[in-house]
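Please look over the sequence and the three-dimensional structure below before reading on. The report that follows takes up a few places in turn.

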Amino acid sequence: MIEASTENLIRKHTFANAYLHEGKADLSVVISKMMGDLPELRPQIKEMIPRVKIIIQDINNMTLTEQQKHIEEEFPGLLKKQEKIVEERKLPPLPNVRKEMIVTRFPPEPNGYLHIGHAKAAVIDKTYAQMYNGKMILRFDDTNPVKERLEYYDAIRADLNWLGIKSDIEKNSSDDMELFYRYAEKIIQLHRAYVCTCQASSIKENRAVGKGCTCRLLSVEDNLGRWYKMFDNYKANEAILRLKGDIASLNTALRDPTLFRIIDSNHPLKGDKYRVWPTYDFAAPIEDSLDGVTHALRTKEYELRDEVYFLILNLLDLRSPELIEFSRLEIKGTTISKRKLNHFVTEGLVKGWDDPRLPTLSALKRRGFLPESIQEFVLGLGVGKSESQPDWSLIESVNRKKLDPIVKRFFFVPDPIKLEVIGAPNVTVKLKNHPEKDFGERSIETKGVFHISREDAEQFKEKDMFRLLGLYNVKVESTSYSNLVGKYAGKELKNEVPKVQWVSDTNIEFSVLVMEDLITEGVFNKDSLKIIRGFAEQECKKLQIDDKIQFVRFGFCRIDSHNIAILTHK
Ligand SMILES: [Zn+2]
């Protein structure tokens, strides 16, 4: 005979284990958990097993929904604990984990602000480093000074900090220029790189048909001579250093890619110290290898360049990290193309990198997304290679779940029209700031004059009944374009009566910015920003910039400036 409390414990462990394994609990796990909790039962274990088996069988036979329901009702605490575990388990194990410490790196180029796609990479890099007690390097891949700015280094640091991603080491590729030059010479000495002085157009044509140019035939000495000339004699577009790859390879990335080019542009950190700059193809593998990166994760569009990556490391006799590619994050209705985002910002189509229409992290922050929501959203997408194009609703639902229990509720009446209630008592009503949580309350004096939204007002006809939320019922007497007249109809709460939010005659003007898709039919959506004007209750005077709230029946908002909010989402 097993005691009821012990039975209950068996059920709990069975549900817990089933929850983690698609509804199927395992006998040995349940038994070992039981023994962990109640070691004194050890001697009776043999007699208990048949009963445990029956319980497990019963639970395993339930559908997932049934199990979920039982867990919610009987063991709600369990759900929270398990959800956490499930969340932490979203990334699959890394391949080829050897004894040395796992090192990942996040290598943004400081030529713009981080967007949601970068967030995915950074979160994955950091999560893997944490999973294995390893390290994550933040490396500024700053070897193309044309568009790089000091402002962007700082913005990238600030955005990562906000996102909750802390790097263990920070470095700049531009600090390793002398090293890159030494490795370049080594490859020239090996006769595996040459300085090509052909016209860009002929390089392109030759590449397309897999044909080499005469520069390819130069001796090592001639190439070294040309290489040194790149540092002062040649003009910017007169010479590039190319890898002698496989000019006829089916993989076009191998057709003698550029390793160095001349860029006469001031570098944000190095000024005019250098003019011969390595390409990503050359710098990335060397940096990864020398920094001790064990697992280099990058998006799938680099896949064709893998062969170049490994070829360079092999030629230089450097250790090869494990390369892992994952799908690039595209979200419907927006773009993560840095070129396009840059264009929108510099052309003034949007108001800066934190314009809440953009998918940049600073914009998402301004819009009212929590960093935890972004982390959860991108981790939820995983590291698979399959392309998916989620829309904002997915990240919104994650954020809604997190905001709902922590933000205060207020009334906002968009596009307001006046409501007079005949026979209304003068009532001072106390409204709770949150339906469940104890976030206090505010009192509002009412004297029968209100504003409600036009959208609500327009659905009522004469004799309809509606309820002013938290207050009393009103029966419609007459309607017109500019106002609504109603009659007091008692306080009794009736389920079928529609409920509307309202403001009393003491209210404040308030505007809410509402974002539509940034891109429609492939081009910038000129109507991507709407301003909704209305009245908010007096209490909203006290709101501070960056406060997050819910306007009842309207949506979650972040206060952006005095009397202006941004709609985060419904
Ligand atoms: Zn050439």
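## Basis of the model

This is a predicted model, in which local features need pLDDT of at least 70 and side-chain atom pairs count only at pLDDT 80 or more, whereas totals for chains, interfaces and linings use all residues. Residues are numbered from 1 along each chain as its sequence is written, and side-chain values use heavy atoms, with hydrogens and water left out.

## The zinc site

The zinc ion has as its protein donors the SG atoms of Cys196, Cys198, Cys213 and Cys215, which lie 2.3 to 2.4 Å from it. Donors are N, O and S atoms within 2.8 Å of the metal (3.2 Å for Na, K and Ca), and water is not among the atoms, so sites may look incomplete. The four donor atoms subtend angles of 107 to 118 degrees around the ion, which makes the arrangement tetrahedral (four donors count as tetrahedral if all angles lie between 85 and 135 degrees).

Along the chain, the donors follow the spacing C-x1-C-x14-C-x1-C. Cysteine 196 in strand E4 and cysteine 215 in the loop between helix H9 (200-209) and H10 are 19 residues apart, and this pair links distant parts of the chain. Helices (H or I, at least four residues) and strands (E, at least two) are DSSP runs, numbered from the N terminus. Cysteine 196 counts as buried because its relative accessibility is 1%, and cysteine 215 counts as buried because its value is 4%; buried means under 20% relative accessible area, exposed over 50%, and partly exposed in between (1.4 Å probe, protein chains only).

## Two nonpolar cores

A nonpolar core is a set of buried Ala, Val, Leu, Ile, Met, Phe, Trp, Tyr and Cys residues joined through side-chain atoms within 4.5 Å. The largest such core has 42 residues, of which Trp227, Met230, Leu241, Phe260 and Phe282 touch the most other members. Among the elements that each supply at least two residues of this core are helix H8 (177-189), strand E4 (193-196) and helix H10 (220-230), and the largest share, seven residues, comes from H8. A second, separate core of 38 residues includes Leu114, Ala122, Tyr153 and Ile331.

Apart from its neighbours within four places in sequence, methionine 230 is in contact (heavy atoms within 4.5 Å) with residues including Val195, Leu241, Phe260 and Val276.

## Helix H3

At 1.5 Å a residue, the 16 residues of helix H3 (residues 45-60) should span 22 Å, and its end C-alpha atoms are 21 Å apart, which agrees; the expected span is 1.5 Å times one less than the number of residues. H3 bends by about 25 degrees at arginine 51, where the bend is the angle between axes fitted to the seven residues ending there and the seven starting there.

The buried residues in H3 include Met48, Val52, Ile55 and Ile59. An α-helix has 3.6 residues a turn, so residues three or four places apart point the same way. The buried residues of H3 pack against helix H1 (4-20), helix H2 (27-37) and helix H4 (64-74).

Asparagine 96, in the loop between helix H5 (76-88) and strand E1 (103-106), has a positive phi of about 45 degrees although it is not a glycine. Asparagine 563, in the loop between strand E26 (555-561) and strand E27 (564-569), has a positive phi near 60 degrees.

Asparagine 483 is found in strand E18 (residues 483-488) and is partly exposed, with a relative accessible area of 22%. Leaving aside neighbours within four places in sequence, asparagine 483 is in contact with Ile417, Lys418 and Glu420.

Note on methods
Four donors count as tetrahedral if all angles lie between 85 and 135 degrees; four count as square planar and six as octahedral if opposite donors are over 155 degrees apart and all others between 65 and 115; anything else is irregular.
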